[in-house]
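Hi there,

Here is the structure I promised to pass on. Have a look at it, and my notes on helix packing and the nonpolar core follow below.

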Amino acid sequence: MSTVQPGNGYEMDVEWSLRSLTGPVDSHPLPSSAPLGSWMMTSLQISAWNPESLLFPCRVCTRVFHDGCLRRMGYIQGDSAAEVTEMAHTETGWSCHYCDNLNLLLTEEEMYSLTETFQQCKVIPDCSLTLEDFLRYRHQAAKRGDSDRALSDEQEQQAARQFAAMDPEHRGHIEWSDFLSHESLLLLQQLRPQNSLLRLLTVKERERARATFLARGSGNTISEAECRWAQHSWFCKRLIEVPSCGVSSISHVGPLADSSPASSSGKSQDKPLLPAEHESRSVDWPTFLRENAVYILAARPNSAAIHLKPPG
C-alpha cells in the first residue's frame, strides 16, 4: 500500500470515499396494491409496480426491494445478479444496502474521528489492503498520541487472525468495504457502552437472538460455552436452499436452532471449546443480548468476511 502525504486533496479523497458508501438514498412506499413493507427508489421514477417483479426482503430490517430498483440503483449488476438472487432466497437471506453498510451506524463525530485516523495513518481510501498494510495501519493507529506505544506481539497475532477472518477465500488482501466495516465496529466498541449498541439492533435481530437463546438454554440461563457458540454462529452464512422463494418463507436468518435441518451438519465444528472453569458461568437473557450485540451487528454485511472475530 503506497503512502501519501495528508493534505487538502487527500482529506477530500477520504471524505468522498466514506460519503460514497454512506450517502442517503431517498425512498417512498409503493402503491397500496404492493405487499406490505415494499419500497421503491424515487430517483428511478417508476410509475407502476409490477406484481411479477422479484422481491428482495432484507434479513435485518423491514424493507423489501424490487429487483429492477436494485439494478437501476447499481446494487445488482453484471455477474453479481445471480449471487444476490440466490442469497436473497435462501435460509441465510440478504441484507439491503442500508444494513450492509456498517459505516452508517456512526455519528458525524465518530465519522470524523475515523477519517482523522485514516489521514494520520496515511490509509488510501478505496484501496484493498494486504496483511502487511493492515498490520502497519494497526501499529500506526496504536501509536497515535503516544510514540512509545505500539502493538505487542500478542496484539499483532490477534490482528493477523482478524485479517484472516476478513479474507476467508485466502486471496491475500481485504476489500476496502470490509476494512471500513471492521474499523467502524472497533470504533463503536471503543466509544459506546453495550446498552447503546443494543439500541442499534432491529426487531428482527432481537427476535432471532431470543430464539437462539431459548434453543440453546435450559430455563432462564445458558452456559458460557453456549454464549460463545452463539457469538461464532452469527457468521455461519451457508447458502441453504428453501422450498419456496416467497417472502413469507424467508423467516429465519442467523444462528440455527438444534431442530433445524441446516444445523445438523458442521455444528460441532462451529462451537468453540472453552476451558472448564468458564463453562460454569451462567448467562441470563439480558447479559446474552448485551454480549452478543456487537457480533450481531458485525454479521449484517453480505460479505463472507467476519468483520469482528469473536474470541475463542
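**Helix packing and the core**

H5 and H7 are roughly parallel to each other, because an angle under 35 degrees counts as roughly parallel. Helix H5 covers residues 131–142 and helix H7 residues 176–191, and they pack at about 25° with axes 13 Å apart. (Helices are DSSP runs of H or I, at least four residues, numbered from the N terminus; axes are lines fitted to C-alpha atoms over the stretch in contact, with angles from 0 to 180 degrees between N-to-C directions.)

Phe 134, Tyr 137 and Arg 138 of H5 meet Phe 179, His 182, Glu 183 and Leu 186 of H7, where contact means heavy atoms within 4.5 Å.

Please keep in mind that this is a predicted model, in which local features need pLDDT of at least 70, side-chain atom pairs count only at pLDDT 80 or more, and totals for chains, interfaces and linings use all residues. Residues are numbered from 1 along each chain as its sequence is written, and side-chain values use heavy atoms, without hydrogens and water.

Phe 179 also belongs to the largest nonpolar core, which has 46 residues; Phe 118, Phe 179 and Phe 288 have the most contacts inside it. (Such a core is a set of buried Ala, Val, Leu, Ile, Met, Phe, Trp, Tyr and Cys residues joined through side-chain atoms within 4.5 Å; buried means under 20% relative accessible area with a 1.4 Å probe, protein chains only.) H13 gives the largest share of this core, 8 residues.

Best wishes

Conventions. Helix = DSSP H or I, 4+ residues; strand = E, 2+ residues; numbered from the N terminus. Parallel < 35°, antiparallel > 145°, perpendicular 65-115°, else oblique. Buried < 20%, exposed > 50% of the residue type's maximum accessible area, 1.4 Å probe, protein only.
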